[in-house]
Amino acid sequence: MKPALSDIFAPDDEESAKRRIAGARREKAERTLLIHFTPRSGSSWLASLLEATGCLGIGHELFNPSFMPQNARYFGARTLTEYVEMARRFPVRQGSLSFKITSHQLHAVFDDPDQFFAAFADAASVWLIREDIVAQAVSLAKMVQTQVGHTADSDGETRRRAEAGFAYDRSTIKYWLRHILAAEQCTENCLRTYRIAPLRLSYERITAIPPRQLVELMANWCGYPGLPDDAPPSSRHEKIGTAQNLDYAERFRRENRGFLAKVEAERRSWLDRLDDPGPGLPKG
């Protein structure tokens with residue numbers, strides 16, 4: 001459901017005016033790295049690496065309706081048009097803007113995808129998915145039920161309690177798998193409609209290479225010159241999946257072979273087009 005504008009944007013007051021004036025003095029991004037993603041695909045880990053470089057933006061979810069009210073007040077943005085304009089200035093680091101967005105967020109915020117893709121027509125686009133969509137659905141179901149999503153935001157005891165309270169539920173996992181698949185279908189349609197050729201990556205592939213190599217790939221893709229030699233240090237995010245996740249995923253596969261065969265057929269061409277983030281780094 002589209003959020004009410006009154007719940008998102010800043011009031012038309014003196015403080016908002018000051019923020020907009022401050023934003024207008026900032027330089028617009030020279031380059032934009034736009035990450036299309038699905039939940040539990042490694043996007044938070046990737047974003048933390050981008051932010052750690054100090055020069056590739058901060059990789060935040062600029063158009064997540066849950067985060068937009070706070071952002072809008074910081075930007076002084078009274079409308080979506082002002083929000084987009086200030087978003088191209090405030091989060092910029094060393095001339096670079098990076099942010100991530102899901103298809104559900106895009107359609108919740110924008111009446112017409114044309115608005116979004118016109119605003120960021122010059123962006124270097126990345127499309128991040130997870131090859132193992134069953135493991136992804138289990139992870140998402142667990143996060144939604146337990147409200148524990150990242151090691152950076154929780155301690156060991158909290159994660160142990162969440163583990164103990166997460167029961168296997170076939171219908172819930174299937175619901176979230178369909179949610180992820182619908183997001184993939186929608187993003188693929190948008191990429192095709194707007195003739196965008198993204199860098200296609202997966203959770204499995206980006207977590208299999210050194211962080212330095214990954215940020216070099218991102219820098220090359222968006223055209224950032226001269227990545228600092230010490231970037232990035234490390235990410236606060238670590239893998240949060242456990243043996244329980246693996247057990248639930250395997251059980252779900254056993255119980256849903258026919259359903260998963262159709263899902264795999266739907267996704268095959270997308271997986272076949274994934275890029276190799278190895279030594280031959282593509283350039284945007």
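## Exercises on rings, helices and buried spots

Lys100 lies over the face of Phe37, 5.0 Å from the ring centre; a charge sits over a ring if NZ of Lys or CZ of Arg is within 6 Å of the ring centre and within 35 degrees of the ring normal. This is a predicted model, where local features need pLDDT of at least 70, side-chain atom pairs count only at pLDDT 80 or more, and totals for chains, interfaces and linings use all residues. Residues are numbered from 1 along each chain as its sequence is written, and side-chain values use heavy atoms, with hydrogens and water left out.

**Exercise 1.** Find what the charged end of Arg19 sits over.

*Solution.* Look for a ring: the charged end of Arg19 sits over Tyr74, 4.3 Å from the ring centre. Tyr74 also belongs to an aromatic cluster, along with residues including Phe99, Phe110 and Phe116.

**Exercise 2.** Work out how the rings of Phe99 and Phe116 are arranged.

*Solution.* Start with the criteria: rings of Phe, Tyr and Trp (its six-membered ring) pair if their centres lie within 6.5 Å, and planes under 30 degrees apart are stacked, over 60 edge-to-face, the rest tilted. A search of the whole structure turns up 19 aromatic pairs. For Phe99 and Phe116 the centres are 6.2 Å apart and the planes at 85°, so this pair is edge-to-face. Helices (H or I, at least four residues) and strands (E, at least two) are DSSP runs, numbered from the N terminus. Finally, Phe110 and Phe116 make an edge-to-face pair too, at 5.4 Å centre to centre and 65° between the planes.

**Exercise 3.** Check the length of helix 12 (residues 211-222).

*Solution.* The expected span is 1.5 Å times one less than the number of residues. With 12 residues, helix 12 should span 16 Å, and its end C-alpha atoms are 17 Å apart, which agrees. Just past helix 12, Gly223 has a positive phi of about 80°.

**Exercise 4.** Decide whether Ala141 is buried or exposed, and list its contacts beyond four places in sequence.

*Solution.* Buried means under 20% relative accessible area, exposed over 50%, partly exposed in between (1.4 Å probe, protein chains only). Ala141 has 3% relative accessibility, so it counts as buried. Contact means heavy atoms within 4.5 Å; leaving aside neighbours within four places, Ala141 touches Phe166, Thr172, Ile173 and Trp176. Ile173 is 32 residues away in sequence, yet 5.9 Å away in space, C-alpha to C-alpha.
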